[in-house]
Amino acid sequence: SVVLVNSTVYEAVFDRTGYVALDVPATDIAVEVGNIMTASMVMIGAYAAFTGLVGLPALRQAVADSLPSYRQNHVELNVKALEAGFDAAPENAAPAWATVAV
């Protein structure tokens, strides 16, 4: 199982046995990007990179497609947060998709 921890706000120690864990200072990164409210987008980007579950281009498009017209002014900030989170994690360190030898 994969666990991402927002290390900016969660400082406790927990048993990581059985987990592939990654500490991401998501709140700090969100502040650097321009808005603390984007911490969840940072975590989504980091999770996507860490697991390879979905590519960054698809995430970018999903943000643009999912925000209603009256929220389109938030697309750029949310995409920046996704990209920052993606850059904060090692790519495919905990692959979501099993590889099968043929």
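Which side chain meets that of Glu76 in a salt bridge? In this predicted model, the partner of Glu76 is Lys80, with an N to O distance of 3.6 Å. The two residues lie four places apart in helix α4, so about one helical turn separates them. Lys80, at 41%, counts as partly exposed.

This pairing belongs to a set of three salt bridges in the structure. As a general principle, side chains of opposite charge can pair when their charged atoms come close. Another of the salt bridges joins Glu83 to Arg60, with the closest N and O atoms 2.7 Å apart. Here the partners come from distant parts of the chain, for Glu83 belongs to helix α4 and Arg60 to helix α3, 23 residues apart. Glu83 is partly exposed at 25% relative accessibility, and Arg60 is partly exposed at 33%. The remaining pair to consider is Arg16 and Asp23, whose side chains meet in a salt bridge with an N to O distance of 2.9 Å. Both of these residues also count as partly exposed: the relative accessibility is 31% for Arg16 and 38% for Asp23.

The aromatic rings may be considered next. In general, a pair of such rings is described by the distance of the centres and the angle of the planes. A search of the whole structure gives one aromatic pair. Its members are Tyr10 and Phe14, with centres 6.1 Å apart and an angle of 65° between the planes. This pair is classed as edge-to-face because its angle is over 60 degrees. Tyr10 is partly exposed, with a relative accessible area of 40%, and Phe14 is partly exposed as well, with 25%.

Helix α1 leads from the surface towards the interior. Its buried residues are Ala26, Thr27, Ile29 and Ala30. These residues cover an arc of only 160° around the axis, which means that they lie on the same side of α1. The face turned away from this buried side carries Val31 and Glu32, both of which are exposed. Among the elements that cover the buried residues of α1 are β1, β2, α2 and α4. After the helix comes Gly34, which has a positive phi near 135°.

The final topic is the interior. In soluble globular proteins, nonpolar side chains tend to be buried together. In this structure, the largest nonpolar core contains 24 residues, and the members that touch the most others are Leu4, Val24 and Val42. At least two residues of this core come from each of β2, α1, α2, α3 and α4. The largest share, eight residues, is supplied by α2.

Which residues are in contact with Val42, once its neighbours within four places in sequence are left aside? They are Val24, Ala26, Ile29, Ala30, Ala81 and Gly85. Val24, in turn, was named with Val42 and Leu4 among the core members that touch the most others.

Methods. Residues are numbered from 1 along each chain as its sequence is written. This is a predicted model: local features need pLDDT of at least 70, side-chain atom pairs count only at pLDDT 80 or more; totals for chains, interfaces and linings use all residues. Side-chain values use heavy atoms; hydrogens and water are left out. A nonpolar core is a set of buried Ala, Val, Leu, Ile, Met, Phe, Trp, Tyr and Cys residues joined through side-chain atoms within 4.5 Å. Buried means under 20% relative accessible area, exposed over 50%, partly exposed in between (1.4 Å probe, protein chains only). Contact means heavy atoms within 4.5 Å. A salt bridge is a side-chain nitrogen of Lys or Arg within 4 Å of a carboxyl oxygen of Asp or Glu. The arc is that of the directions from the helix axis to the C-beta atoms. Rings of Phe, Tyr and Trp (its six-membered ring) pair if their centres lie within 6.5 Å; planes under 30 degrees apart count as stacked, over 60 as edge-to-face and the rest as tilted.
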